[in-house]
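Good morning, and thank you for joining this group meeting. Please look at the sequence and the structure as I show them, and I shall then take you through a few selected places.

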Amino acid sequence: MRGKSLMIQGTGSSVGKSVLVSALLRIMRQDGLRAAPFKAQNMALNSFVTCEGLEMGRAQVTQAQAAGLEPSVRMNPVLLKPTSDRRSQVIVNGSAIGTMTAMEYQRYKPALRAMIKATYDDLESSVDAVVIEGAGSPAEINLREGDIVNMAMAKAADAPVILVGDINLGGVFASLLGTVMLLEEDERARVKGVIINKFRGDVKILEPGLRMLEERIGVPVLGVVPWMDVELEDEDSVSGRLERMSGEGDLDVAVVRLAHLSNFTDFQALSLQRGVRVRYAACAGELEGADIVILPGTKNTIDDLIELRNRGMDAAIIRHARAGGLVMGICGGYQMLARMLHDPHHVEARVPHIAGLGLLDMEVTFEQNKETAQVQGVITGGEGALAGLDGVTVDGYEIHAGRNTYGPECRPWLTVDGRVDGVCSPAGNVLGSYVHGLFDDGVLFSAIASHVRGAKGVLPDGGCAMTMEEFREREFDRVADIVRASVDMPRIYAILRGEA
């Protein structure tokens with residue numbers, strides 16, 4: 001083995017591979033290595049736009065940040081964004097090439113192997129080490145022939161493999177042993193150790209099982225990582241954070257939970273504000289009592305708008321706005337606030353037209369090409385919730401296929417490169433924008449929160465918000481410290497170098 005790469009595979013999805021990769025990359029950075037993440041194929045609705053205007057999975061962006069590197073599509077050459085249970089938009093090297101069914105993509109995958117290998121080799125040549133992440137499990141024997149992301153990727157990179165199991169799910173010994181047994185002989189030879197993740201309790205009780213596991217699989221247990229209440233950005237919307245409230249205080253923010261919710265990482269920064277609690281609302285009743293209602297981004301604006309109506313949440317959002325409550329839409333959620341949405345090319349759905357929530361005097365027309373770019377917006381004409389922010393800049397990125405036509409009642413509040421991006425209602429309590437990451441530096445939401453508190457007769461908290469960048473850096477170091485203390489890092493470095 002070449003001694004420049006290490007691959008983290010798992011016994012299944014959600015066993016903690018992404019976080020462990022972030023932790024290992026931060027440890028390597030602390031130890032003076034220039035290391036990069038790589039995942040051949042990612043499936044997620046959380047995505048990001050690089051400085052070149054190319055789209056990639058958010059998990060590899062987080063890992064790049066842990067490594068101290070600028071995110072690059074070289075770290076995630078294939079991204080699948082599900083549009084339904086059986087179809088996904090396929091993004092190759094940062095650009096969408098179309099939508100495919102599962103079977104269509106299965107037939108197409110082998111054509112991607114040469115590109116993935118060339119992309120990996122290019123990335124590897126620019127760094128000291130690459131930490132590769134697998135997807136799901138390498139033991140899915142029905143998918144082995146078309147594999148491009150697990151053992152096939154390990155072979156292409158000539159990488160040793162560390163296998164991760166989640167003990168919190170139960171059955172970790174069976175899942176680790178079963179995974180190894182289902183591998184081909186040459187694949188088993190690549191597995192150089194296992195890590196047990198998300199452990200709660202006394203490791204001493206676990207030790208007899210660890211020794212028996214080592215005897216059966218013939219490789220060492222490299223460590224037992226404890227359960228970590230990690231607040232690093234998640235890979236997709238199956239995240240457990242959608243089921244819980246984050247933050248605490250007097251200001252209640254309800255983010256509408258959508259079937260195809262994307263880039264929900266936009267709202268992680270809100271709970272960093274003092275006195276703010278953020279929750280995800282799945283039904284109309286859960287919007288009751290909210291101070292701020294946010295409509296998030298979605299991969300399928302029209303389908304999610306229809307589903308929103310089926311749940312009766314449209315009426316609850318409209319009531320909140322008409323009572324003077326603050327409503328904000330981001331990207332697809334922004335489009336839902338329009339009077340009418342048009343889809344002449346059936347980009348989003350089969351219906352050519354659908355009425356929006358009618359809270360903003362605008363119409364949206366979906367186009368076949370997506371806008372993907374990093375942007376800097378400038379707040380203009382700030383009144384009400386935006387008072388005092390005139391001229392303030394916000395950094396973020398855009399991923400959308402819609403073009404807006406504004407009516408006379410729309411009031412611009414955010415411009416990007418001289419064009420109107422964000423507008424608000426005449427009363428100023430309904431706002432929208434296409435920019436993801438609006439809240440990351442804390443300035444915009446702090447002003448909005450102070451305005452809402454003032455309307456409630458509550459004094460502003462006065463505390464300074466932590467920025468998302470500061471928060472991420474703290475979390476990367478915290479997780480790295482826990483993992484370094486829990487695993488045999490000298491042996492992991494030896495595995496990386498091909499010496500173990």
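Let me begin with a definition: two strands are said to pair if DSSP finds at least two bridges between them. Please keep in mind that the model is predicted. Strand β11, residues 191-199, is joined to β12 by four bridges, and the two run parallel. One of the residues involved is phenylalanine 199, whose bridge partner in β12 is proline 226. Helix α8, residues 203-217, lies across β11 and β12, and runs at about 145 degrees to β12.

These strands belong to an open sheet of six, in the order β2-β9-β1-β10-β11-β12, with parallel pairing. Which strands stand at the edges? They are β2 (35-38) and β12 (221-226); each has a single partner strand, so one side of each is left without a neighbour in the sheet. On average, neighbouring strands of this sheet are turned by 20 degrees against each other, direction ignored.

Valine 364 counts as buried because its relative accessibility is 0%, the cut-off being under 20%. Although valine 364 and glycine 402 are 38 residues apart in sequence, their C-alpha atoms are 6.0 Å apart in space. Contacts of valine 364 include Met340, Gly402 and Tyr434.

Finally, aspartate 343 lies in the loop between β20 (340-342) and β21 (353-355). Aspartate 343 is buried, yet has no salt bridge. The nearest side chain of opposite charge, that of lysine 299, is 10 Å away. Among the residues that aspartate 343 touches are Ile302, Pro352 and Phe366.

How values were computed
Residues numbered from 1 in each chain as written. Predicted model: local features only at pLDDT ≥ 70, side-chain atom pairs only at ≥ 80, totals over all residues. Heavy atoms only, no water. Buried < 20%, exposed > 50% of the residue type's maximum accessible area, 1.4 Å probe, protein only. Lys, Arg positive; Asp, Glu negative; His and termini not counted. Salt bridge = Lys/Arg side-chain N within 4 Å of Asp/Glu carboxyl O. Contact = heavy atoms within 4.5 Å. Axes fitted to C-alpha atoms, helices over the stretch in contact; angles between N-to-C directions. Lists of a residue's contacts leave out its neighbours within four places in sequence.
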